[in-house]
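The entries follow the order in which I looked things up.

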Amino acid sequence: MRHRLQALATCAAFLLLPWLPALAQTYPDHPIQMIVPFPPGGVADLAGRPVAAAMEKTLKQPIVVQNRAGAGGAVGMAAAASAKPDGYTILVALSSISIIPEADKLFDRKPAYTLDQLAPIALLSADPTVLVVKSDAPWKSAKDFVEDAKKRPDTIAFASSGVYGTLHMAMAMFAAAADIKLRHVPFTGGGPALTALLGNNVQALASGPGPVAAQIKAGALRPLATWGNKRLEAFPDVPTFIELGYKDVEFYIWAGMFAPKGTPEPAMKALRDATRAAVKDPDFVETMKKLESPVTYMDAPEFQKFWDADAARLAKALVKIGRVQ
Amino acid sequence: MIDTLNSLALGFSVALQPAVLFYAVLGCVVGTLVGVLPGLGPLAGISLLLPLTYGLTPTTAIVLLAGIYYGAMYGGSTTSILMRIPGEAASVITCVDGHAMTLKGRAGAALAIAALGSFVAGTLSVVALMLLAPPLASFALRFGPPEYVALLLLGFILLSYMSSGPMVNTLAMAALGLILGTVGIDLLSGFHRFTYGVTDLADGLGIVPVAVGLFGLSEILLTAGGDTPPSVYKPKLRELVPSREELKASISPCLRGSVLGFLIGIIPGSAHIISSFVSYGVEKRISKHPERFGHGAVEGVAGPESANNAAASGAFVPMLALGLPSGPIPAVLLAALMIHGVAPGPLLMEQHPDLVWGFIASMYIGNLVLLILNLPLVGIFVNVLRIPYSYLYPTIVVFCVLGVYAVNSSVVDVWIMLATGAVGYGLRKFEFDMAPAVLGMILSPIFEMSLGQSLAMSGGSYGIFLDRPIALTMLIMVLALLGLSLRDALKRQRGGWRTGAGLDA
Amino acid sequence: MSSNAADRTPPRPGFWTGDRVAGIALIVAAAALAFETRVLPLGSLGRPGPGYAPLLYAVILGVLGAGIAARRGGTPLGAIRWGEARHALMILLACGFAALAIERLGFRLTMLALVAFLLGVVERRPALPTALVSLGLSFGCYFVFWTLLRVPLPTGPFGL
C-alpha cells in the first residue's frame, strides 16, 4: 500500500515537474545508483549495502546497489568517475581507489580514472587487514609462515582482490618486509578470493576482518597476524605485524563514499547529511558490529585530508613494491 | 533425504507466500507470451523486466525471471507447431514434425503433447535439480580455477559437436564471441582493451544488448518484409486430446528427452537449444520407423519439447551450485542476484537456503501453472499472431530498445545492440548460428581469468591441469570429443553420430 | 536440420560460395583484430598478458575462417536472397535514430517517431492505425514502465 502511494505521489510529482523550472528543488526524485566496484561479499559490499539501506530512510528514495567488479575495482571506479555528476550515482570504494591510478602510471598507460574526478562524501569504516590461512594449514603463527615461505620461495599462493587491489597491496607490503616470495593469484574481489582460500586453491589471504570473522569463529580459518597498529578487538590474541618486528607493515582497508566531481552542491549536502544520519542509525551500527567492522565515520572535509595522506603513503609503498604481476 | 524434504518444506513455505506466488505466475505468463512472439525470446523478456526487479526481494526477483525462462520453453512450441515459426530458438526442431502434424489435422494433439512433455520434463528435472545441486555445491568448493578452465573447454567442444551446422562454423562463432568478451578493462592486469576511449565500454559489452542484438534484432531484420504473412491455424479445444497411440508413443521419448536435456543442461552451453536437436536426433536414430520423421511423427515433438524444458532446469544446477552462468539467461539471473547482494557461488545454498529452496519450490508450482496456462489458453495466445507482422515487428523493436536501454540507462548499449544486430543479420544470412557467439562472450572473462589464475597458482606450469583429477577427467573428455569429430570429418561417414542426428548438413 | 541435403546432388557451385565469402570476411576480421591487439603486452605462455587471449582468439578465428573458406560445396552466392535487405536497413536506421534521440527527445517522442516511421513510411500502413499504434505504444510503454513500474526512462522537452 505504501508503495502504491509512493508510486502515486511520484507520478503526481512527475506530472507537475515539467511546469517547474529545470532541476526542481526536490533532490532526489528518483532512485539513486550506488556503484560497488567489487562482487558481493567483500568489504565494500558489506559496508555499502547497510549504509544504502540506512540512507534510504533519510533520502526517501531507493538506493540501488550495483556491483561492477573487475581489475581490482578499477572497472566500477572508472564507471563512477565518468558518470553524470547529477547526484544519482555514488560510489563506495576501498583504499585501492588511490592505488590504481598510481599503478597505471607505473605501467605508463592511460589511467582508468584520476582521483580529481571524484569528490569524497564520507569515510564509513577503516579496518586493518588480517592474514588468514585454513585451520588445517601447517602454520600456527606468522613466524612459521615466514620460515616456510623462505624455505620454498614462490610456492605458497595467496589470493587477492586483483592486481594492486587492497588485498594485494597488504600482502605485497608484508612480503617485501619479510623478504619472502609468494605466488599471487588475483580474483575480482575479496569474496571470490575468500572462496578460493576455503576451497584450498590458495593457501593464504589478507582480508578485511568483516568477511572472515564468521569463518574464524566457526574454526575454518586461522588468523596469523594483523596489519594494524594495535590488536583488533575481535581477535585479541592475534599479534600485529608491528609487534612481530615488521615496522612498516601497516595497512588499512577503508571504505569511503564518493560522488563524481561536479555533483551539484545541494545534492552533495543531501548525501552528506544522509550519510551522517545513516552512521548513527542503530540498525546500521548493529550490522557493522556484527561484521566486526566498527563504524569509523568522517565527514567530507576531514575525510579528504585523511584520503590525501593515505594516498601519499600508498603511492610511496607502491614505488617500493614496483611492477609486479 | 530427510534434509532435502525439510529444505523443500522450507522452500514451499517461501514459494506459497502470496507475493512470491504472484511473481511466479506473472513470470510464467510473460514467459509464455515472449515464447509465442517470434523475435522476442526469453532473454529479451527477462531484460525487459530486469529493472523492475531492483525493487523486489531477491527471491521474488529470481522466481519472476526464471519463470520467464522456462515459460518461454512452453510458449515457443506453440507457434512452431501451428505456423512453422519457432517462437524461440529451442523450438526450431519442433517445427519439423509439429507443423507436419498440424497439416495432418493433429495440431491439437501436438500442442497437448508438447505441453504435457514439457510438464513431465520440467517436473522431473526440478526433482533432479533438487537432489543434485546440494551435493554438487558441497563438492563445488573444490572447483578451483583449473576446473573452470576444463569445464568451459568441455562446454565449448560439446556445444560445437552437438549444434546443427558444420563444427568449424560453430567454433568460429565461439571464437568471435570470446573476442567480444575481451572488450573492456582486463580483469587481471587492468589494461583497457578495445575501448577506444569510450568509458561505457570499460565495463565490457553487456550481455543484454549483445544477446538482444544477435538473437532478437537480427531475427526481426531477417523476417521483416517477408513475402507473405503467415497463416494462423486456430485449434479447437476438443481437438486437444491426443489419441491413445499418440500418448503411448510419446512416453519414452519424453522420458529420454528429460534425461538427455537435463544432462546437457548442466554443461555450460546454450543447453536448451542443443538439447532439443540432440533429442530429435536420438529419437530418429532409435525409431523403428525413422522415415516417419519429418511427416508428423509425434516422437519428434515429445522428445525435443521435453528436452528443452529439462535443459532449462539443468542449467540452474551450475548456476546454483557454482555460481557459473551456463548461458545468457543464467548469466542475467546471476546479475539479478548480485544486484540484491546475494553472492553466487559455492556458499549460496548454505547462506541463502530460503532463496534457493524457495526458487526450487516455485519451479514446481510454475510448471503446474504453465500446464494449465498452455492447454486451454493456447488459442488466446495464438491470437497475438493474428496481428499482422507489419504491426508486430515495430512493437518488438520498441521492446528491444526499451529493454536494452532500461537495464543500465545507457545509450551506448542501444548502439551495441544495433551493431551486433547488423553483424548477426549478416552472419545469419550466411547460415551461422548466433548461440555460440553469445556463449563465448559470456564465458570469455571467466575463461581467461581462470586460465590466468591457474597459471599463477602453478607458477606458470600447464601441468596443473593434469595434477587435478576433476580437471584431468574433463580434459580427457574434451580430447575424446575432438577425436570423434575429427574422425567424423575425415571419414565423412554417413553413419557417424552427427550425420545420424541430422546435424551435418 | 536438412538431412535431405544428402539426397539431392547440389548443382556445381561456382568459386564464390556463401562459405567462401563468409570465411574470407572472418579472416579479414581476425586480421584486423590481431592488428588491434598490438598495443597490449603479450606476456608469455606461462604468464599470459592482457594481449595474449585476444590474439589467441583472433588467430583461432582466422584459422577457422580459412577452414570455412576452403570448404567445398555450400550455397552458391547467387542463391542467397536479399529480399528483406531494404526493410532491414530501414529498421537499423530507425534504431540508430532512436539511440541518438532517446536522451534528447525523451522516450515517448522518440518511440512515437520510431513506430510512426516504421509503420507509415516503411510499411505504408494507413494513417489512422499508424497514429493510434505509435501513440499507444510510446505512451503506453512509458506509463507501464515508468509510472507503474518506476523504471527510469528519459524525458525530453516539455516534459514529454
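Entry 1: I am working with a predicted model. In chain A I looked up an open sheet of 5 strands and wrote down its order as β7-β6-β8-β5-β9, with mixed pairing. I noted β7 (183–186) and β9 (221–226) of chain A as the edge strands, each pairing on one side only. On average, neighbouring strands of this sheet are turned by 30° against each other, direction ignored.

**Entry 2: one strand pair.** I then checked β6 (residues 157–160) of chain A, which runs parallel to β7(A) and is joined to that strand by 4 bridges. For F158(A) I found H184(A) as the bridge partner in β7(A).

**Entry 3: helices on the sheet.** Helix α7 (residues 190–198) of chain A lies across β5, β6, β8 and β9, and I noted an angle of about 150° to β8(A). Helix α8 (residues 209–217) of chain A lies across β5, β8 and β9, at about 135° to β9(A).

**Entry 4: chains C and B.** How many residues does each chain bring to the contact? I listed 66 from chain C and 65 from chain B. The buried area between them is about 5700 Å², with 76% from carbon and sulfur atoms.

**Entry 5: polar links.** I found 1 salt bridge across this interface. It joins the side chains of K429(B) and E84(C), at 2.9 Å from N to O. I also noted 9 residue pairs in polar contact. On the side of chain C that touches chain B, α3(C) gives the most, with 19 residues. That side divides into 51 nonpolar, 8 polar and 7 charged residues.

Technical notes
Residues are numbered from 1 along each chain as its sequence is written. Chains are lettered from A and ligands numbered from 1 in the order in which they are written. This is a predicted model: local features need pLDDT of at least 70, side-chain atom pairs count only at pLDDT 80 or more; totals for chains, interfaces and linings use all residues. Side-chain values use heavy atoms; hydrogens and water are left out. Two strands pair if DSSP finds at least two bridges between them. Helices (H or I, at least four residues) and strands (E, at least two) are DSSP runs, numbered from the N terminus. Axes are lines fitted to C-alpha atoms, for helices over the stretch in contact, and angles run from 0 to 180 degrees between N-to-C directions. Contact means heavy atoms within 4.5 Å. Buried area is the accessible area (1.4 Å probe) that two parts lose on being put together, summed over both. A salt bridge is a side-chain nitrogen of Lys or Arg within 4 Å of a carboxyl oxygen of Asp or Glu. A polar contact is a pair of N or O atoms within 3.5 Å; within protein, one must be able to donate a hydrogen and the other to accept it, and residues adjacent in sequence count only if both atoms are side-chain atoms. Ala, Val, Leu, Ile, Met, Phe, Trp, Tyr, Cys and Pro count as nonpolar, Asp, Glu, Lys and Arg as charged, and the others, Gly among them, as polar.
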